[in-house]
Amino acid sequence: MLLGVLGQDEDQDDEVLELVESSLVQVSSVDSRESIIDSIQEVIDGVGRVAACLRWAQILLKVGERAKAISEFEQATKLDPENATAQVELAKALTADGKFAAAADHCLRAVELGAGEHNSLNEALNASEAV
């Protein structure tokens, strides 16, 4: 099965998740989508790679699963607290969810990690200021 490839090679992870994304977008049944998401989540949890967590979280956002995406971004920050991209992406998702105080904490952490010029960080900050 395609999911069996996840976690074996970091370069292949992105390719597999790209295929998963295109498949998820096409699934119309909520039950089928949930089943697929649960299966993939189980595999991603076992992979333990920040890049895979971030890519999976972005896919979850794209298919409207914001709470699950936030959880996955949080997992990425736990796996690598020094990863500025993970901090920024979590801040953006939290901002979109209206959790501005938590988003600000992650924005500040991202700045501490040197992400001050990161375009996504600027987007997250601007979104939280607009509210």
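Predicted model: local features only at pLDDT ≥ 70, side-chain atom pairs only at ≥ 80, totals over all residues.
Local features were taken at pLDDT of at least 70 and side-chain atom pairs at pLDDT 80 or more, whereas totals for chains, interfaces and linings use all residues. Residues are numbered from 1 along each chain as its sequence is written, and side-chain values rest on heavy atoms, with hydrogens and water left out.

The protein chain contains seven helices and zero strands, where helices (H or I, at least four residues) and strands (E, at least two) are DSSP runs numbered from the N terminus. The order of elements from the N terminus is accordingly written α-α-α-α-α-α-α. Of the 131 residues in the protein chain, 38% are buried; buried denotes under 20% relative accessible area, exposed over 50%, and partly exposed the range in between, with a 1.4 Å probe and protein chains only. The accessible surface of the protein chain is about 7100 Å², and carbon and sulfur atoms account for 48% of that surface. Accessible areas were computed by the Shrake-Rupley method with a 1.4 Å probe, and for residues only the protein chains shown count as cover. Contact was defined as heavy atoms within 4.5 Å. Among contacts in the protein chain between residues at least 6 apart in sequence, those joining residues at least 24 apart make up 52%.

In soluble globular proteins, nonpolar side chains tend to be buried together. A nonpolar core is here a set of buried Ala, Val, Leu, Ile, Met, Phe, Trp, Tyr and Cys residues joined through side-chain atoms within 4.5 Å. The largest such core comprises 26 residues, and Leu24, Ile44, Trp56 and Phe73 have the most contacts inside it. Two or more residues of this core come from each of helix 1 (10-26), helix 2 (30-47), helix 3 (50-62), helix 4 (66-79) and helix 5 (84-96). Helix 3 supplies the largest share, eight residues. Ile44 is located in helix 2 and is buried, with a relative accessible area of 1%. The C-alpha atoms of Ile44 and Glu72 are 9.3 Å apart in space, although the two residues are separated by 28 residues in sequence.

Nine salt bridges were found in the structure; the criterion was a side-chain nitrogen of Lys or Arg within 4 Å of a carboxyl oxygen of Asp or Glu. In the salt bridge between Glu21 and Lys62, the closest N and O atoms are 2.7 Å apart. Glu21 belongs to helix 1 and Lys62 to helix 3, so this pair ties together parts that are 41 residues apart in sequence. Glu21 counts as buried at 11% relative accessibility, whereas Lys62 is exposed at 58%. A salt bridge also joins Asp38 to Lys68, with 3.9 Å between the closest N and O atoms. This pair links distant parts of the chain, Asp38 lying in helix 2 and Lys68 in helix 4, 30 residues apart. Asp38 is partly exposed, with a relative accessible area of 45%, and Lys68 is partly exposed at 26%.

Arg66 and Asp97 form a salt bridge through their side chains, at 3.3 Å from N to O. The two residues are 31 apart and link distant parts of the chain, with Arg66 in helix 4 and Asp97 in the loop between helix 5 and helix 6 (100-112). Both are partly exposed, Arg66 with a relative accessible area of 35% and Asp97 with 31%.

Arg33, in helix 2, is buried yet has no salt bridge, and the nearest side chain of opposite charge is that of Glu65, 5.9 Å away. For charge, Lys and Arg were counted as positive and Asp and Glu as negative, while His and the chain ends were not counted. Apart from neighbours within four places in sequence, the contacts of Arg33 are Leu24, Val25, Val27 and Val63.

The structure holds zero disulfides, a disulfide being a pair of cysteine sulfur atoms within 2.5 Å. Cys53 is buried at 2% relative accessibility, and Cys107 is buried at 4%. Val111 lies in helix 6 and is partly exposed, with a relative accessible area of 43%. Val111 and Gln87 are 24 residues apart in sequence, with a C-alpha to C-alpha distance of 9.2 Å.
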